[in-house]
Amino acid sequence: MPREDGLWGFLRRRLRSWLARLERPVRAVPGVERRLEEEYAEVLRGLEPLLKPYRDLPAFHRLPPEGRSPEWVFQHLEALAAREEPRWRKGYASGAVYHGGGPHVAFLNRVYALFSQTNPLHPDLWPSVARMEAEIVSMTAHMLGADAAGEEIVGTVTSCGTESILLALKAYRDWARETRGIVRPEVVLPVTAHAAFEKAAQLLGLRLIYVPVDAGYRADVAAMARAITRRTIVLVASAPSFPHGIIDPVPEIATLARAHGIGCHVDACLGGFILPWAERLGYPVPPFDFRLPGVTSISVDPHKYGYAPKGVSVILYRGRALRRYQYFAATDWPGGLYATPTLLGSRPGGLIAAAWAAMVALGEQGYLEATRAILETAARIREGIRQIAGLEVMGDPLWVIAFTSKEFDIYRVLERMGQRGWSLNALQHPPAVHLAVTLRHTQPGVAERFLEDLRESVAWVRAHPEERGALAPVYGMAATLPFRGVVRDLLHRYLDLLYTP
Ligand SMILES: Cc1ncc(COP(=O)(O)O)c(C=O)c1O
């Protein structure tokens, strides 16, 4: 983070790590854990109305002894969907639903229905799905510079951005072990890289070396260079980053990686289906794809701005050799010879067919038009936010717009926006909020409504400095508490709550 740079940043980090070391002894004090449990329970009670609004509807904690009729089940589900649909359809969500247009959704659903029984684990039964998968990879690769790569760009379809990132890091880990003998691999990445890298590192036993971002929220390349060791297997760049929507200096990072003979992974989960078209439309998009010789892999999500249904991502590699390290093959299993390209075993062929259908139906022109609409709307929103006294847009983003405030608690603005129906993303280090602009926001009046509600929310927060809701204190506590174990425990209990019927 910019504020983490320099002497103050250094001192702040030292203080945090020093305080963090106190966590265990503090929590060992008798009564502290019990008090914490009470605090967690209190926080979660505040969230219950938001997360459990269907207490009035029939619940199924056990299988019904006799099944309900399909009509009853369908009506029940229709009632649930009808309550939730207006909010995302009218554009109250940040990201989440990237297209959501009625005819497009109906079209994808029809395609899904045709292929709902298929599974690419059985390519003999459904060679059609295998073919669609290969074509999704190929279309995506060509959108991201495959023609000018000078090498074959290959990949696989996965279930989400997180899986794509996980598989890329697995490929680099196994490649480095086999070809370099690196047994304790390290990954160098900016602090703004998606949390999926942390998840992958936990699962794969990798050490993450975080570097700060500069004042414009772009990865600090000099810090990256300093962080490289004999154990480094890959450098990570985002195009753009989830928190602030900022594109890292990919050309410099890719050059650095190449000079060290290591990988450069570009996480374009958010931008892969926007940036190529933004570039064509004349927006200032720095090179980020396979046209850069140092870029060795890219994660990119059809289920975001590719306008496919949820559950489809793509991981691309420069050359087949790297992709091999991603594969799994069991040679001696009594169940037969078994090989899978990705993390999952059985996979939903219906989603692959729907993603393929979205890409072929939209074509270059469709993506170009969608991108034009999103970027124009985002520019209006960004300028509107800049004109609200007390708010600051972070960096110079294109369509994922983060804002913060030095004058008031931005989380209280988030909460007030929530009361007006908006589902925005809370960021931390430093506290901020973002809106990822989608096609939903390009509908007439949505951007204006957002800005109007934001102006009102800021005015309300200024006028009511003493009032605190349920969420703002939680975000505030989570953003500043040095005891991260406490925050982790709270998040685990939040997940427990989701699985409590
Ligand atoms: C930049 C970036 N990378 C990775 C991901 C993870 O994608 P998914 O939620 O599909 O696992 C996201 C999700 O928003 C993202 O924005």
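**View 1. The stacked pair of Tyr307 and Tyr367 in the predicted model**. Tyr307 and Tyr367 are both buried, and in this predicted model their rings form a stacked aromatic pair, with 5.8 Å from centre to centre and 15 degrees between the planes. The pair links distant parts of the chain, since Tyr307 belongs to the loop between strand 6 and strand 7 (313-318), while Tyr367 belongs to helix 13, 60 residues apart. Both residues also take part in a cluster linked by ring pairs, whose other members are Tyr98, Phe273, Trp277, Tyr305 and Trp399.

**View 2. The edge-to-face pair of Trp422 and Phe450**. The rings of Trp422 and Phe450 have centres 5.1 Å apart and planes at 80 degrees, an edge-to-face arrangement, and both residues are buried. Trp422 lies in the loop between helix 14 (410-419) and strand 12 (425-427), whereas Phe450 lies in helix 15 (residues 446-463), so the pair ties together parts of the chain that are 28 residues apart in sequence. The count of aromatic pairs comes to twelve.

**View 3. Arginine side chains over aromatic rings**. The charged end of Arg68 sits over the ring of Trp72, at 4.5 Å from the ring centre. In the other example, Arg449 lies over the face of Tyr92, with 4.1 Å to the centre of the ring.

**View 4. The largest nonpolar core and the surroundings of Trp399**. The largest nonpolar core holds 102 residues, of which Tyr305, Ile385, Trp399 and Phe450 touch the most other members. Helix 13 gives the most to this core, contributing 16 residues. With residues up to four places away in sequence left out, the contacts of Trp399 include Pro240, Leu270, Ile274, Tyr305, Ile374, Ala378, Leu435 and Val437.

View 5. Strand 5 (residues 263-268) and strand 6 (residues 297-300) pair in the parallel sense over four bridges, and Asp267 has Ser299 in strand 6 as its bridge partner.

**View 6. The buried residue Leu391 and its contacts**. Leu391 is found in the loop between helix 13 (349-386) and strand 10 (392-393), and it counts as buried because its relative accessible area is 7%, under the 20% limit. Apart from neighbours within four places in sequence, Leu391 is in contact with Ile385, Phe403, Thr404, Ser405, Phe408, Ile410, Leu454 and Val458. Leu391 and Arg455, which are 64 residues apart in sequence, have C-alpha atoms 9.8 Å apart in space.

**View 7. Thr340 in strand 9**. Thr340 is part of strand 9 (residues 338-340), and at 7% relative accessibility this threonine counts as buried. Leaving out residues up to four places away in sequence, Thr340 touches Leu121, Tyr327, Phe328 and Gly345.

How values were computed
Residues are numbered from 1 along each chain as its sequence is written. This is a predicted model: local features need pLDDT of at least 70, side-chain atom pairs count only at pLDDT 80 or more; totals for chains, interfaces and linings use all residues. Side-chain values use heavy atoms; hydrogens and water are left out. Helices (H or I, at least four residues) and strands (E, at least two) are DSSP runs, numbered from the N terminus. Buried means under 20% relative accessible area, exposed over 50%, partly exposed in between (1.4 Å probe, protein chains only). Contact means heavy atoms within 4.5 Å. A nonpolar core is a set of buried Ala, Val, Leu, Ile, Met, Phe, Trp, Tyr and Cys residues joined through side-chain atoms within 4.5 Å. Two strands pair if DSSP finds at least two bridges between them. Rings of Phe, Tyr and Trp (its six-membered ring) pair if their centres lie within 6.5 Å; planes under 30 degrees apart count as stacked, over 60 as edge-to-face and the rest as tilted. A charge sits over a ring if NZ of Lys or CZ of Arg is within 6 Å of the ring centre and within 35 degrees of the ring normal.
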